[in-house]
Amino acid sequence: MCPKLPLLLVFFLYYAITSLGSDPDPVQDFCIPSTGIAACKNSSAAMVEDFVFSGIKFPGKFSETGLAATSVNVNIFPGLNTLGMSFVRADFEVGGINMPHFHPRATEIAFVLEGKIYSGFVDTENRIFAKVIEKGEVMVFPKGLLHFQMNVGDMPATILGSFDSQNPGLVRIPNAVFGSGIEEKLLEKAFGLNSKEIAKLRKRFAPH
């Protein structure tokens, strides 16, 4: 066997994994989707408004968990198309939480704009990495790992998050488990719950 072959194989696997593990590199400066079709708008027709989004000036609608999160991804901001990034504004009432969730296609970096947030993630060995982060601090959540936040301060809090994907995806653990229609007997055995308890959780986390 050629002595250089294993080394070449390592380099090939490295570039294959890294290229497939994130959004593909664009082949043009930008690609504003044309209305109703997949092709890009002609670059000569692009306007500055295609690259500006004003939907996160103010908090969104708060949920029963005390969280108002507004995602800025390619689905609502077409200017992000092919650029490999997106954004979120998350506002927390006092005691509000961002329930355990993960983003299957992106690493997230969160910046505390205001307040004090108990923030962390759990790795694949079930180790928890969590602490209270305050105004001006940043925390990163590796791609695909479960993470969470809770406002532990005595005033509302705001986080700004950035993702390395134009469409990072979002899987909320309670909704995925109890709101997706998984067979009841499986849930009973997995969580030690009875049918009445599962019905209550399904009602709470069912899609709206």
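## Pocket lining

The lining of the largest pocket splits into 17 nonpolar, 17 polar and five charged residues. Here Ala, Val, Leu, Ile, Met, Phe, Trp, Tyr, Cys and Pro count as nonpolar, Asp, Glu, Lys and Arg as charged, and the others, Gly among them, as polar. The model is predicted: local features need pLDDT of at least 70, side-chain atom pairs count only at pLDDT 80 or more, and totals for chains, interfaces and linings use all residues. Residues are numbered from 1 along each chain as its sequence is written, and side-chain values use heavy atoms, with hydrogens and water left out.

The largest pocket has a volume of about 760 Å³. It is lined by 39 residues, and Leu 67, Ala 69, Asn 98, Leu 170 and Arg 172 are the closest to its centre. A pocket is an open set of points on a 1 Å grid over the protein atoms alone, where a 1.4 Å probe fits, with protein on both sides within 12 Å along at least five of seven lines; lining residues have an atom within 4 Å of a point. Points are joined across faces, edges and corners, and the volume is the space filled by probe spheres set on them.

## Contributing elements

Strands E1 (67–72), E2 (86–92), E3 (97–102), E8 (146–151) and E9 (157–163) and helix H4 (195–205) each supply at least two lining residues. E1 gives the most, with six. Helices (H or I, at least four residues) and strands (E, at least two) are DSSP runs, numbered from the N terminus.

## Strand E2

Six of the seven E2 residues are buried (under 20% relative accessible area, 1.4 Å probe, protein chains only). E2 pairs with E1 in the antiparallel sense over six bridges; strands pair if DSSP finds at least two bridges between them. Asp 91 in E2 is the bridge partner of Ala 68. E2 also pairs with E9, antiparallel over seven bridges. There, Arg 89 stands opposite Leu 160.

Notes
Buried < 20%, exposed > 50% of the residue type's maximum accessible area, 1.4 Å probe, protein only.
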